[in-house]
Structure formats: structure tokens, C-alpha cells
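Dear colleague,

Please read the notes with the structure open beside them.

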Protein chains: 2
Amino acid sequence: MKATFNPPVRTLMGPGPSDVSPRVLSAMARPTIGHLDPEFIRMMDEIKEMLQLLFKTKSPLTMPVSAPGSAGMEACFVNLVEPGDKVVVCQNGVFGGRMKENVERFGGEAIMVQDDWGKPVDLDKVEKALADNDNVKALAFVHAETSTGVRSDAESLCALAQKYGCLSIVDAVTSLGGIDVDMDGWGIDAIYSGTQKCLSCPPGISPVAFGEKAIDAVKNRKTPVPSWFLDKNLVMGYWGGGGKRAYHHTAPVNSLYALHESLVMLHEEGMENAWQRHQLHHDALRAGLEAMGVNFLVDEECRLPQLNTVFVPEGVDEAEVRTRLLNEYSLEIGAGLGALAGKVWRIGLMGSACNRRNVMFCLSALENTLSSMNAPITRGVAALAAEAVYNA
Amino acid sequence: MKATFNPPVRTLMGPGPSDVSPRVLSAMARPTIGHLDPEFIRMMDEIKEMLQLLFKTKSPLTMPVSAPGSAGMEACFVNLVEPGDKVVVCQNGVFGGRMKENVERFGGEAIMVQDDWGKPVDLDKVEKALADNDNVKALAFVHAETSTGVRSDAESLCALAQKYGCLSIVDAVTSLGGIDVDMDGWGIDAIYSGTQKCLSCPPGISPVAFGEKAIDAVKNRKTPVPSWFLDKNLVMGYWGGGGKRAYHHTAPVNSLYALHESLVMLHEEGMENAWQRHQLHHDALRAGLEAMGVNFLVDEECRLPQLNTVFVPEGVDEAEVRTRLLNEYSLEIGAGLGALAGKVWRIGLMGSACNRRNVMFCLSALENTLSSMNAPITRGVAALAAEAVYNA
């Protein structure tokens, strides 16, 4: 017979999930009601309005997909890519590779634009790919690469998509809530995100929005969408607004309570204030890490404040450090992925986890652990350097 | 600015979601930990073991899909149906129709076996369809039709699939936890369920299991699975067991806490005891409703105890009754779907909602509401008839 599971209390400073606020956890535990209950539908309307504010869009097809970010990605590609469609896919980390998989599984042709991991997407290469290929249906890229901590220039990339008359599909999983995302201002056609990064909800829901051109593309498909669950033509009947909601699937009621509460909290704080908070604590963490002698992978001008990828000091077994942080401090930081595995750590400062306590705790735990392993770092200066940022 | 959402406290006696136990809600609100945390992986292993017990299977590919039941259905069809595959699909309600959509969207040919809504799947018709068609890849049917409350003979249907050498794909969304489901004993090859029916979890997760023949079919596909999120080849790396777990997508951590707790509760009670509880309260509800003069759609021998579909009394506006039950009693019962819309109600007795208090409350609220609308029912006898069952 199994017993009730009581999870340990962690500090989540990896690439997500991030620390969830007690307000959001408590919202999640409220009594379940029916997915067609008038009160639930009222709450869904509020989620939609708050997501529209967050994505900065007026699009009526703005909704939380009932599954994690990977399904949000799939919702975009399965609806917009038909057999034979060409899609320019920018890859500068793990998630561009997943986009390629998506395009190909739906019968499209992925034209890859490759950049080094840790570098932003190169605009010139993208323009060349768009200029060299006829009839490109879409340009797809990751705004904030969770595998490296790099920010690409979403505004300029979307301008290129418009210049060459194709749709833009944008991964905003790690950017939304942590830095500016401006769907209508930049002309993004389809965008998806996740709840477990800068929104600080438990994982499981993917906010998605389709603009007018993307909606037209779905309506004018020549072939049926090869998914019933994610077909936007069907989902529109439930989330699309305009009166009566048609039953599509049973919405994940309590997970949506959590998303609602996290959006209420974000709008209470103000989006601009949230971005500034992410920048401030990133600056403090960076000052501390650099004072210690731990260096960043990504150049300063395209560094994400919410995801700090730093090199493991020479000679240090990075997995041992993470294990000790978890066991001795109950602190989670992230490992490197792919080519960066073993070489970097990814330290998240996302949503509720982005605060002064976590910055000081992480610097102290990391310094103590590395010191005890005789790593080549400078001791006794990290906390002072971080505090100097807060006191500036 | 939006405010925190405080849902009303309902009694959920519709077709799902059902009332969620405070233990499960409280589990859901525990602190989020990482999806690759050793403690989380230990909990996942326990979920897998408990789901294997519940499905009565030893299959290593038993897992909770990170999305609602419709995605569980899609997980079965997208992995097992390739372009050109023939699938015999039994339709005796809404969900057989959704299976047909699934088969066709993945390029298969659906050979339909139609039965009236409210009747079980006819074994003779199925055998004829299997005998008349060569190279049928799979037989797909709904064990417990949520739209009508009918139970089909899953054991005999699976025996037919075996006799004709095809796979069986079984919808157990409403059956699992409420009546016997015996995957290995009946020879089910692929099965999916939902958390929000007799498991009494919030909606959002779909337990799925693939048997050996289904796993072979996935491994030997000629074409890639047209879904990245649901591809069992990839998901097996995370849930399939056998040592190291490869990152696929971020698991919905807190929703899985809830599922874990509901499975602990179910195994504490004992599966057979849970089925008997569903039968007992169904018998009491039925006695009360029939005494009132409210009759069942489905014949007694194939009636689901957990989903009671009854005819709306002559001349009664059924939507008004549901609205009054919701507003005056905070009690949710379900409407009819499709051809049964306006003609029936669906009264659920699922999981935690299946108890004596709910039976007596529902009979009383329904009797009062119908009486006040001058419906042709017999008054003053329902409660006595139900109590007689409990006192027998």
C-alpha cells in the first residue's frame, strides 16, 4: 500500500518549474466546479482578458491550451503547417530542434537557420533564407531559449517575416512575464508560452494566441488538422468567445484556477514592474557570480535576466554540485543540455522565484559548495557584490 | 483589475468532473518540485505501479498522459493508426464519433458499427464487420459511454479482436474505478481513461496503458507519429522505466500529486469495495427515481452505476430544472448530448461523489424542483424507496 506523497520544500532556481506562490497553490486547491458552470465560464473569460493584456494582443483566439508548453508548440505547428509547406526554423538551442521535429511530423519542410548555442538568431542569415526560398509559409523562432538563456530579437525577426509575406510562430515559453512580449506591436502571428516559468504556476498549461492571419490560415487549410485535441477550429467554439460555448474537451479546472491567480498577481504588480524586478535580481546575481569568478555563457546585450547560464569552474564535477545543492540546501539549479551538458549550469530567476532572498541564498550555497570542493573561485565577495547592486 | 476567483461549492453529480475529495485538493496544493527531482521520480514510479493495479496490467507502458481524456484518446490513435489502416469503430454515443474523427485525421479508414444511443455495442455486428473486412488493424470501442450511461461487453469485444487478429483500443474514461476493467485478463491492447470521473481528481490527466502488441505496433510503424507531444516512442524514455529518465516534456507536477493521492485513496478502499459502493448508491438512487416515476434510458443489465441517464418527465423544461438545481441547491447534473439533448438528464455517482448524502440530496432537490414545476411525478416516496435499499 502506498502512502500520501509529501514533497520536500525546494527552492526552484532551475529552468522551470519555478517556485510557486502560496496564493497560487491555494487557488489550485479550491473546490472543483464543472467546466460548463457559468461561474467557470466567467473565470475563463477573465483568464482570456488577462492573457490578452500579457501577450499585448486583441486577438480573440487567446487561450490556455490544456497541456504543457510542448503541446502549445504543437498547437501552433499542427494547425499552421500543412503537407508540403516550407517553414524557416531558427535553431540556436534545444527548442529550435523541437520546432523542426514538429514541422516535419506534419509533413512540412523545415529550412534550418543554425546559430551557435548561446548566440541569438542571426537576422542576416534569416533574411537570406527567406530571400532564397519561394513560398515560405512561416518563420519560426524561440524568443527566449531555455536551453541557453539567450534572447533573440523578436521584433526584428517578425519584421522580416512580414517583409517576406510569411507567418511568424514564436516560442515565448520562458520570456512571457519576465521580459517584454508584444504580440500585436511586433506583428506576431502565433505565439505559445508555458505556466511554469515566469508566471510561476505549476506546469501543465500553455497560453497560446493566434492573430488574424494565423486564424485565416487555419480556416483556409486544404487538409484537416491532424489532431482533434489541438484543432483550433474546434477549440474556437469553446474559447473563441461570441456567446455560447460548445463542449470540446473537459478543461483542467483547478490548473486554470492557478493560472487565473498567477495572472491576477502579475497584473497587481504590473508587467513593467515585473520585468524590472527580473532585471534587478539578475543584476545582483550576476554581480555575485562574476565576483566569485563564475562567468556567463551569453553576451550581456542578449542575456535573459530570468535564465542565467554560467560556466562550471574548471575541474568541478557539475552533477555533484547540483546533487549537493539539492540534498544539503534543497535548492534546485539546472544542468546544461545537449552540447552544453557538463559545461554549464542554468540558474533560473523566474516569477515568484525571482527575489532577493533567493539570490543571496543561491550565491551563498553555491560559494560554500564550490569552496568545499576546492574549486578555483574567489571567496567572501559574492554577497557583498550582490548587496551593492541592491544598495545602489 | 481582476480579483482572486473563489468558486462556489458545488455538488458535482453530472457526467464529470465529479466531487474531488479534500485529501486530493490538499495534495494538489503541496509545494511544486522539479519534474526531474529524485523525489518526483519516486512518486511517478508509485503512480505507475498504482495505475498498473487499477488497469490490472503488468504493461511497462502505463502512464498518465499530461492532458485530459481527449488527449489520452488521441495518444492511442495517433500512435497506432497509420495512413491506410482500417479500424472498426463502434459508435453508440458521442465518443465513438470522436474515435472516428481520430482515425480519419491520422489517415486511417474507419469502418463504422452503429448502435442506437443507449444500447450496448452489438457483438454480432462487430463480428460481421471484422469478418467482412481484410487486414483490420484495430477494433475501437467505448467501454462506458459517458453520453448515455451504457456499458458494453469489453471482455467479449476484446475476444473478437483477438479472434480476428487485430488490436483493441478501449475508452475507459468513465469505467475506470467505478466498474471492473481488466486489461491483461481481457487482452486489451491500448486503453485510456480520465482523472475526473471515478478517480475523483480534477480534470487534466489521462491514464493510458499500451500492451505488448500495441508497443510492437508503435515500434514497427512505417511513418513517424504525427505528434511530438504524444509520441509513445519518446514518452517511453521518460515513463517507460528501465533506469534513467530522459527529459521529454515538463510533467504537470501538482496535477500528478492529486492523481497520486486519489490512487492511494482508491487502493486504501480496495477496488472491489469501490465498485460495490458504486453499485449500492446506484441501486438507492434508482429506487428513489423510479418511485418518483422517473425512468432510465438504459436496460438494467448494461446500465452503468456511475452514470444514470433518465428521461425528463413529460412537459418539463429540462434546462430550467438544471438551472434551478444549480442556483438553488448548488447541485450540478448533466444534460443530454446529441440526439438525447432536451430528453434526458445524466446523473453521475462517480468516485467521491458516490455517497449516501449525495443520493438523498439529489432525490430531494429533484423532487422539490419538479414538484414546484407541477411535473407529473409521484411525491413523497423517493427518499423512502432509497432508504429501503440502504436498510436492506
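Buried area here is the accessible area, taken with a 1.4 Å probe, that two parts lose on being put together, summed over both. Please keep in mind that this is a predicted model. On that definition, chain B and chain A bury about 6000 Å² between them, with 64% of it on carbon and sulfur atoms. K2(B), F5(B) and R105(B) supply 14% of the area that chain B buries against chain A, which is more than any other three residues.

The contact draws on 72 residues from chain B and 72 residues from chain A. Across this interface there are 6 salt bridges, and K2(B) forms a salt bridge with E49(A), in which the closest N and O atoms are 2.9 Å apart. Between the two chains, 25 residue pairs are in polar contact. Several helices of chain B, including helix 2 (38-55) and helix 4 (94-105), each supply at least two residues of the side that touches chain A, and helix 10 of chain B gives the largest share of that side, 9 residues. By class, the side of chain B that touches chain A has 36 nonpolar, 19 polar and 17 charged residues.

The side chain of N308(B) makes a polar contact of 2.6 Å with the side chain of H282(B), and a polar atom of the N308(B) side chain lies 3.3 Å from the backbone oxygen of P305(B).

With best wishes

Definitions and conventions. Residues numbered from 1 in each chain as written. Chains lettered and ligands numbered in written order. Predicted model: local features only at pLDDT ≥ 70, side-chain atom pairs only at ≥ 80, totals over all residues. Heavy atoms only, no water. Contact = heavy atoms within 4.5 Å. Salt bridge = Lys/Arg side-chain N within 4 Å of Asp/Glu carboxyl O. Polar contact = N/O pair within 3.5 Å; in protein donor to acceptor, adjacent residues only side chain to side chain. Helix = DSSP H or I, 4+ residues; strand = E, 2+ residues; numbered from the N terminus. Nonpolar A, V, L, I, M, F, W, Y, C, P; charged D, E, K, R; others polar.
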